[in-house]
Amino acid sequence: MNIHEYQAKEIFRRHGMPVPPGEIATTPQRVEEIAQQYGGTVVVKAQVHAGGRGKAGGVKLAKTPAEARELATKILGMKIKGLTVHTVLVTPAAEIATEAYAGIIIDRASKRAVFMVSPAGGIDIEEVAAKTPEKIMRLPVDPRYGLLPFEALQMGFFLYRDVKQARAAAKILQQLWSAFLASGASLAEVNPLVTTPAGEVLALDAKLVVDDNELDRRADMAALRDETAEEPSEVSARNANLTFIKLDGDVGCVVNGAGLAMATMDLVKYYGGEPANFLDIGGSSNPEKVVNALRIITSDPNVKAILFNIFGGITRTDDVANGIVTATKANPLKVPIVIRLTGTNEEIAVKILTENGFSAMTDMDEAVQRAVKLAKGGATA
Amino acid sequence: MSIFIDKNTKLLVQGITGRDGSFHTKQMIEYGTNVVAGVTPGKGGQTFEGTVPIYDTVADAVKATGANTAVIYVPPPFAADAMMEAAEAGIALVVCITEGVPVLDMTRVYPFVKEKGARLIGPNCPGLITPGASKVGIIPGRICAAGPVGVVSRSGTLTYEIVYQLTRAGIGQTTCVGIGGDPINGTNFIDCLAAYEKDPATKAVALMGEIGGTDEQEAARFVKEHMTKPVVGFIAGQTAPPGRRMGHAGAIISGSAGTAAEKLEAFRAAGMGVAQRPIDFVSLIRERLAKQ
């Protein structure tokens, strides 16, 4: 789960990290008031779950409160990578001498949380990793001992030659580690970590991604979710316990299992179509899930054909068939549907479907080809 | 022959009285798996379905029954502890079916299990099956048949789909292993490939990967350097957008890393067969078996 910069900064502050002050606003009026209060130059930063905010024009410097207000008028309501900006963070502009990077990721190869620090900050760290890997220090943390003080100091000296700054950075890295653990994060980033002309070390930006699997046991983190910052159909799917990701195509896919769902999307593409979504109804699907899945898929105006691909292992295909019948009786479909199911209780499922005027297929490739064809026919009609 | 499980597997079920645990225990017994014990704290002394003795702790169960394999169906907040309890009790193979285990838990579980000398499969996996001998987990038994192909996959239903297509085409399997879709798991592709290379009954391997991480690229390198047996690979998620978690916690393209294209390229560079569609496994595997 993504959280906003201002939320991450609040967590960082609680762990003692030196983060400049800031306040959030949802109206240009409020932005002006905050800028007035701080005096001097401020930064107005869009709060959306998308990278590249700066490039998209979502981060701007304002010299006066009036300018802050004017910029806020433009930033509030703008779209960055399809997401509307509802909130901005207003923060006093810091004087910057140098920019560095500090982050913690989960490294799949070493199976550990790994620190990555680089004196080349402020830019895309992947670019640094690709072009100048010697400018990045990686430090895997042994989960038995956590981040040890000498390790933090090693990284501090990798970032700064000045002993005071190295020690300040080491302290920040320790605090970042404790924030990372306490939030159940899968990623934590400070980019940039800056030094000021006066020699202070500050965390100017903050990013935290919380492991979705932690949310059940961390109500405080789950409460940080901002549903207005997410795609509405994805919010509604999550509330119905479905995994859904909206895409740009026209073949709506309903599948059980994440791997099969991805393979189905790929097969749509293979046969010349474009998938409208990723949707996994999960293992033990009940008819209710199918009803919700159909509601979400059919609310996308781009969908020209619907494809069900169900491999019944634990999932009972008759449950899925019942769900389709119930859902379409309540809300008759306006687009054609192709149903492929095989496995557990397949005979019962086929009987239910044919009695209700649907045809059922058992071959995955044939079903996908048919759905792609129907979506195209719908598009030209 | 097979890898990891066979007729000598003596299985213990952690969470045997839960909804999923009890359902799948019945299925495993029906398939012929030797289920020797169950563990549910507080229910020690009872029996499951009148036949399988239940114990309060894994240590008690191992002492009384000599169980050598454990399968875990406990809820996510308790799964990490269950895996470590099994390893500590001397279980050699620990299979964790549970989906939703926090990744920070896994950073602690992995070195612990390793230190105890146990093999962990999963979490968030369907388990494994050696057709005709033993099934540990949730892979439907009726879609499998005994034969010469080793199967290893990061997915559940996609594996069923492909195994079923192989079986219908008359191509059986030595063992099918689902290693799970999480970023940190106990057993990776290379562990399984190495085991299949050693297993005399396995003549070819079908490998199903997906986007995210570099496990498939490393598997390809291993195939090139260490395998004499043919391997056919598939990658799910060619149409997945970057930065989004595609159901499985580990199925995410981070920046430019973990794409389907780079994995397929690694397969080709290693001389592996590449299945464009799931159905292509049938012809590609058949060709490779025919050459032997």
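**Chain B, from its contact with chain A to one helix**

Modeller: The contact takes 44 residues from chain B and 40 residues from chain A, where two residues are in contact if their C-beta atoms, placed from the backbone, lie within 7 Å. On the side of chain B that touches chain A, α3 (76–88), α4 and α5 (157–168) of chain B each supply at least two residues, and α4(B) provides the largest share of that side with six residues. Here helices (H or I, at least four residues) and strands (E, at least two) are DSSP runs, numbered from the N terminus. Sorted by class, this side of chain B holds 22 nonpolar, 16 polar and six charged residues; Ala, Val, Leu, Ile, Met, Phe, Trp, Tyr, Cys and Pro count as nonpolar, Asp, Glu, Lys and Arg as charged, and the others, Gly among them, as polar.

This is a predicted model, in which local features need pLDDT of at least 70 and side-chain atom pairs count only at pLDDT 80 or more, while totals for chains, interfaces and linings use all residues. Residues are numbered from 1 along each chain as its sequence is written, and chains are lettered from A and ligands numbered from 1 in the order in which they are written.

Within chain B there is a domain 1, covering 11–121, and a domain 2, covering 139–290, with bounds that come from an automatic or database domain assignment. The distance between the C-alpha centres of these two domains of chain B is 26 Å. Where they meet, ten residues of domain 1 of chain B are in contact with nine residues of domain 2 of chain B. The side of domain 1 of chain B that touches domain 2 of chain B draws at least two residues from each of α4 (103–115) and β7 (119–121) of chain B, and α4(B) gives the most to it, with five residues. By class, the residues of that side of domain 1 are eight nonpolar, one polar and one charged.

Let us now turn to a sheet of chain B. Seven strands form this open sheet, in the order β9-β8-β11-β10-β12-β13-β14 of chain B, and their pairing is mixed; two strands pair if DSSP finds at least two bridges between them. At the edges stand β9 (134–137) and β14 of chain B, each with a single partner strand, so one side of each is left without a neighbour in the sheet.

The last stop is helix α8(B), which spans residues 260–269. Which residues of this helix are buried? They are B:A260, B:K263, B:L264, B:A266 and B:F267, where buried means that 20 or more other C-beta atoms lie within 10 Å of a residue's own, exposed means 12 or fewer, and partly exposed is in between, with C-beta atoms placed from the backbone. Seen down the axis of α8(B), these buried residues fall within an arc of 155 degrees, so they line one face of the helix; the arc is that of the directions from the helix axis to the C-beta atoms. As a general point, an α-helix has 3.6 residues a turn, so residues three or four places apart point the same way. On the other side of α8(B), by contrast, B:A261 and B:A269 are exposed.

What covers the buried residues of α8(B)? The cover includes β12 (204–210), α7 (215–226), β13 (231–236) and β14 (273–274) of chain B, and the strands β12, β13 and β14 in that list also belong to the seven-stranded sheet of chain B. Just after α8(B), B:G271 takes a positive phi of about 75 degrees.
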